[in-house]
Structure formats: C-alpha cells, structure tokens
Amino acid sequence: MVRVLVGGVIGLAIAMGVARFAFTPILPAMQAATGLGADGAGLLASLNYLGYFVGALGMGLVPHGAARTAVFRLSLLLSVATTAAMGLDLGDAGQAMPVWLVLRFLSGVSSAGIFILGIAMVLDTLAREGGERFAGWLYTGVGLGIASSGLFVALFGGRLGWAGDWVALGAICAVLGLLPGLWVRDPAPQPQAAAAGTAGNAAAARAGGLSAPLLLLTLAYFLEGGGYIVSATFLVSILKTDPGTAAVGEAAWMVAGLGAIGAGVFWAAVARRTGSWWSLILAHLTQAVTILLPMTGSPTVAVISALLFGGTFVGIVSQAFALGRQLSAGASAKVVGALTAAYGLGQIIGPLPAGLVVTHTGSFNAALLGAAAAVLFGALLLAVGMVIAGRRSSAGPALATPNASPNAS
C-alpha cells in the first residue's frame, strides 16, 4: 500500500508539477530567447489545457483492469517524451510554434491520463487495504511537483537555458516515472462489491439530480478555472516584468508549490468548522485578493501572494469535489465528470484573452483584474448556492458537510 501511495504522489508531481506547470517558471527565458509573445504563450497554455480536457473525457472510457494500468503507463511515457521534446532546437517562436502546440496538447492529454487514472487506481488500492485515511496525502504530489520544478529552474535555469530546462526535467521525470510505472496498477475488482457499488451509485444519481446548488457550484468552478489559470500561466512572467519583483520570479513559483502541499488539509479543517460552502467562499475571496497582489510591485507581497495562490487553488479543487459529492447524494462519478469538464473549459478559455490583453496593453494589470473578477463572481454564485441549499435543508434533513478527499482535478 505504501509503495502504491508513493508512486501516486510521484505520478501527480510529474503530471502537474512538470508536464503541466513547469511551463510557468520556464516561460520568461523562453520568451526572451525565442521572441514568443504573451499571446503565443497564452495559446500554448490553452492548447495544453485543451489536451487535458480531451484527455479527461477519454479517460472516463478506459475500462478497469489491465487497460487502465496500460494507459496510465503510456501516459507516463508520453509525458516524459513531450516534456523533453519542448527543449529541441526548432528555431525562433515563429518556426517552432506549430510543433510546440502539438507537444503542449499531447502533454495535456498525458497529464489527464496520469492524474485521473493514477488517482483512481491509488484510491481503489487504499480502499481495498483499509487505507482510506491516507488518501489526502496523495494530493501533496501536486504541490511537491510545482515546488520542485520551480526550485530546479531557479537553481539551474541560468546555466542550462530554457531548452536545457525542458530536456533536464524530462530526463528526471523519466527516471522518477519508473516508480509509479512499476508500483501503480489497477487492483483486481471484487465482483460482489463492484455490483453493489454500481447499484448504489445509480440510485444516488437518480436521487441527487442536477439541483440548483450543484449547478451554481459547477458554474463557480468554471469561473475558478478561468480565473486562477491566468496567474498559474503568467505568474513568473508578471513578476519578472516588474523591476521591483523580478528577483523573486522563479522563487515565487516554488513558494506557490509549497503553499499547495498543505492546502487540502488546511481547507478541509476550515470546512469542518464553517461548512464546505463557507470554506469555498473564503478560499475564493482570498484567491481574488491574491491574484491582485503582484500589482503592488513589492517583492515581499509577491512572495506572500504566491504562497496564498498555491494554498487556495488546490484547496478550492479539494473542497469543490467534496461539496459536489455531497450535493449529488453520492453520485461521485457523475459530479466529478461535470465539475472536471467545467473547470477544464475555464482553463482553456482563460489564457487566451489574458494573453491578447497583455499584448495589446503591454501590462498584466487588466488581465489580473479580469481574473480576480471571475473568481469573485464565482464566490457570489457560491453564496447564492449556499442560501438555496440552506433553505432546502431547513425543509428536510440537514445537509452535512463531510470532507472526503477529491478524486480528480
């Protein structure tokens, strides 16, 4: 069980910290060397998230058993290959863009395979062996990966250059990826338990339906995907374009990863005291302020902003899925799919207008204001959903606020 959990943590670090988000700390050097503009960077980010969205939809069709294990391993190989290939000498941005777009799209597909299938197989193994209480530790891989990739670029980026960063990170992931490839596999299903679970989920789905609170949660999650991704894509570039914060650019992304490590545990504790609705609202409000803090130009505030950003975006993911399962009366698979699709669409849409606005205005301020506004509007929708859910609970059984670990992002 321990090896499976460790393998899952490493898999998430590869999928999210490197394949998905190493682009953020590498981007400034990549732009300086190749002439890549903010609009092109936004397009590359959106293609990566489009790949993740397409991959997430496809992974839901992969059957249990050997097929899930095989697709997970194939995703690891694809992730390593597309990461290293980003460092190939393809000329300037104009020449390299078609290949980069394909690589970032395929990287997104591979991230979905590692993330979704890896989490599913690890959680299934933990449940079978009575280790559900350790499930929360699985998500530390996201923060560890982000922090590690940020630290690597801060320490070695100046020596290796942006292309060397991609190749070196790909090589590191190739070695580390052997562990999840060997240790994480789909446990053989237990026929009686599987049949009972399928019947229970079907009944729950019929009972839950798409209620108004669940719809509002889904819309808020869409806005969160579109808002947070602006900072997730451009944070290092934002800081490095301001002389006052340039020195903390790469370090800030590493700090964001550190903030993400304990975010799930922290916001679950908040939810236990205030309820999942309030936990999500508070996380959204905190993140909206956090998105705007780099505009101050203070390096100290920038580092604090990065820490809070990492702590809020992972916390919002964990609490959104916990609340979504609660509102769906246990129809986990259905609500996870809906929330994942909404979040994915937000991530696809967000970087494009942000990059265009930056290119047009020469400043990130308007993009940050738009991102913060999207997150704030999400908080408003959550508040409305909380009121509606509260009225319904007063007319029937009280809604509890359990905080199970999320199983997708």
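Trainee: Start with Ala33. Buried or exposed?
Mentor: Exposed, since its relative accessible area is 54% and the cut-off for exposed is over 50%. Keep in mind that this is a predicted model.

Trainee: Where does Ala33 sit?
Mentor: In helix H2. Its C-alpha is 8.8 Å from that of Ala93, a residue 60 places away in sequence.

Trainee: What about Ser111, buried or exposed?
Mentor: Buried, because its relative accessibility is 0%. Ser111 belongs to helix H5, which covers residues 93-128.

Trainee: And which residues does Ser111 touch?
Mentor: Beyond its neighbours within four places in sequence, Ser111 contacts Ala15, Ala19, Arg20 and Tyr52.

Trainee: What is Arg20 doing with Tyr52?
Mentor: Arg20 lies over the face of the Tyr52 ring, 4.0 Å from the ring centre.

Trainee: Let's do aromatics. How many aromatic pairs are there in the whole structure?
Mentor: A search gives eleven. Take Phe21 and Trp253: the ring centres are 5.9 Å apart and the planes meet at 70 degrees, so this pair is edge-to-face.

Trainee: Which parts of the chain does that pair tie together?
Mentor: Phe21 is in the loop between helix H1 (2-20) and helix H2 (23-34), while Trp253 is in helix H11 (residues 249-261), so the pair links parts 232 residues apart in sequence. Both residues are buried.

Trainee: Is Phe266 buried or partly exposed?
Mentor: Partly exposed, because its relative accessible area is 46%. Trp267 counts as buried, because its relative accessibility is 8%.

Trainee: Back to Phe21. Which residues form an aromatic cluster with it?
Mentor: Tyr221, Tyr228, Trp253, Phe309, Phe313 and Tyr343 make up one cluster with Phe21.

Trainee: And what is Phe21 in contact with?
Mentor: Leaving out neighbours within four places in sequence, the list is Met16, Tyr49, Ile146, Tyr228, Ile229, Ala232, Trp253 and Phe313.

Trainee: Which residues touch the most other members of the largest nonpolar core?
Mentor: Phe21, Trp100 and Leu217. That core has 114 residues.

Trainee: Switching to Thr312. Where is it, and is it buried or exposed?
Mentor: Thr312 is in helix H14, residues 299-327. It is buried, because its relative accessible area is 1%.

Trainee: Which residues does Thr312 contact?
Mentor: Trp267, Ala283, Thr286 and Gln287, again leaving aside neighbours within four places in sequence.

Trainee: Now helix H10. What have you got on Ser237?
Mentor: Ser237 sits in that helix, which runs over residues 212-240. Ser237 is buried, because its relative accessible area is 4%.

Trainee: What does Ser237 touch?
Mentor: Leu27, Pro28, Gln31 and Phe364, not counting residues up to four places away in sequence. Ser237 and Leu27 are 210 residues apart along the chain, yet their C-alpha atoms are separated by 6.9 Å.

Trainee: How about Leu219?
Mentor: Leu219 is in helix H10 too. Leu219 is partly exposed, because its relative accessible area is 39%.

Trainee: Zoom out. How many helices and strands does the protein have?
Mentor: The count is 17 helices and zero strands.

Trainee: How much of the protein is buried?
Mentor: Of its 409 residues, 55% count as buried. The accessible surface is about 16000 Å², and carbon and sulfur atoms account for 72% of that.

Trainee: Last topic, confidence. What is the mean pLDDT?
Mentor: The mean is 84, and 87% of the residues reach 70 or more.

Trainee: Where does pLDDT stay under 50?
Mentor: Residues 193-208 are one such stretch, and the model gives them eleven contacts beyond four places in sequence. Residues 397-409 are another, with 46 such contacts in the model.

Trainee: How should I read the coordinates where pLDDT is low?
Mentor: Not in detail.

Note on methods: Residues numbered from 1 in each chain as written. Predicted model: local features only at pLDDT ≥ 70, side-chain atom pairs only at ≥ 80, totals over all residues. Heavy atoms only, no water. Phe/Tyr/Trp six-rings, centres within 6.5 Å; stacked < 30°, edge-to-face > 60°. Helix = DSSP H or I, 4+ residues; strand = E, 2+ residues; numbered from the N terminus. Buried < 20%, exposed > 50% of the residue type's maximum accessible area, 1.4 Å probe, protein only. Lys NZ or Arg CZ within 6 Å of the ring centre and 35° of its normal. pLDDT = per-residue confidence, 0-100. Contact = heavy atoms within 4.5 Å. Areas by Shrake-Rupley, 256 points an atom, 1.4 Å probe, with all protein chains shown as cover. Core = buried A, V, L, I, M, F, W, Y, C linked by side-chain atoms within 4.5 Å.
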